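Trainee: I am new to this structure. Can you show me how to read it?
Mentor: Gladly. Let us look at it together.

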Amino acid sequence: MHLTTRLAPALALGLTTLVACDCSNCDDADTVQSVPVATDAEAVTTRQPSPAGTPARALEDMAAALKDGRISALLPLATTDEEFGAMVEAWDEKRVEPFSKDEDAEFKEMMRMLTAEGAEELLFGMVEPQLAEAQQQLAMLAAMAPMMAAGALQDADAPAEAGAMIASAGAKLATIDIANPHKAKQAIAIVCDAARSLELDSMQDVARLEFDEVLDKGDTVIGALMGVLAVYELDLSETLESVRVTTIEVTDDTAELSIRMELFGVETDPLPIKMERVDGRWVMERPEPEVAPRELERPAPATEGK
């Protein structure tokens, strides 16, 4: 079992916090009743006023929120009032569903392992024997990059910079010292600190969260993930800091823009972005809903004697 498997609880932490389990097939005897949810009059989830500004500023604000690991800021910026309200409603419906005793027990054990006194030493003891194997796997992946880059150069549909970007990514992977025990301890400490700050010991604790609180916990999880990547010199903040937005055309309620960024040391070609103004805020253009084609009418089968 390699390093990523040993660190899987850290990823499960984020997923379990944000999404309650599906227990549609659970027997009543194997389920735990969730907690009551506040009525509409009691709900505390709020929607911030629509921000004023230009389409370019809206995109820049989204990139800045993501750079800082603030899902709580990104989601309101990137969604319409209708979409945001639907997410709040979906969460309130999901969190009143009963969850399985096995799921609750698994969550409790995971949180206990991540938050207990001495958790960092325990997790490092689990990970340390796998560090050398993880380094070998990473080296194999880096060695494949030149072949992938060559394939991208032969693909007429691939962006012009794809080959250089893949080659640069491979060179970056080759420099990552994933077998470094000091870095492993740093990464584990980030995960354990984040788990403790969540203050979630059971699935019932998760179900008690209002949607705003879910987003705040999501900030903690994303921040920890970005922190772990930064330990290994994979700093997403640097990439998002390099985002540059160019306005091409703006009408009353639509806009065309392009963005560039530096990825693995290579500047991307301009990526076209279409935006629209909805509820007073600029969001990325939504695709038109697909209309299901009408079923072709079939002639009635001929009856005998006709």
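Trainee: Which helix does Glu241 lie in?
Mentor: This is a predicted model. Glu241 belongs to helix H13, residues 236–241.

Trainee: Is Glu241 buried, partly exposed or exposed?
Mentor: Relative accessible area decides that. Buried means under 20%, and exposed means over 50%. Glu241 has 47%, so Glu241 is partly exposed.

Trainee: How do I describe two packed helices?
Mentor: Use the angle between their axes and the distance between the axes. Take helix H7 (residues 119–127) and helix H10 (residues 181–198). Their axes come within 9 Å and cross at roughly 135 degrees. H7 and H10 are therefore oblique to each other. The crossing is right-handed.

Trainee: Which residues make the contact?
Mentor: H7 brings Ala119, Glu120, Leu123, Phe124 and Val127. Among those from H10 are Ala184, Ile188 and Arg196. The contact residues comprise nine nonpolar, four charged and no polar.

Trainee: Where do nonpolar side chains tend to be in soluble globular proteins?
Mentor: They tend to be buried together. Here, the largest nonpolar core has 37 residues. Phe107, Phe211 and Tyr232 have the most contacts inside it. Several helices give two or more residues to this core, including H5, H8 and H12. H10 gives the largest share, seven residues.

How values were computed: Residues numbered from 1 in each chain as written. Predicted model: local features only at pLDDT ≥ 70, side-chain atom pairs only at ≥ 80, totals over all residues. Heavy atoms only, no water. Axes fitted to C-alpha atoms, helices over the stretch in contact; angles between N-to-C directions. Helix = DSSP H or I, 4+ residues; strand = E, 2+ residues; numbered from the N terminus. Parallel < 35°, antiparallel > 145°, perpendicular 65-115°, else oblique. Left-handed = near helix turned anticlockwise from the far one by under 90°. Contact = heavy atoms within 4.5 Å. Nonpolar A, V, L, I, M, F, W, Y, C, P; charged D, E, K, R; others polar. Core = buried A, V, L, I, M, F, W, Y, C linked by side-chain atoms within 4.5 Å. Buried < 20%, exposed > 50% of the residue type's maximum accessible area, 1.4 Å probe, protein only.
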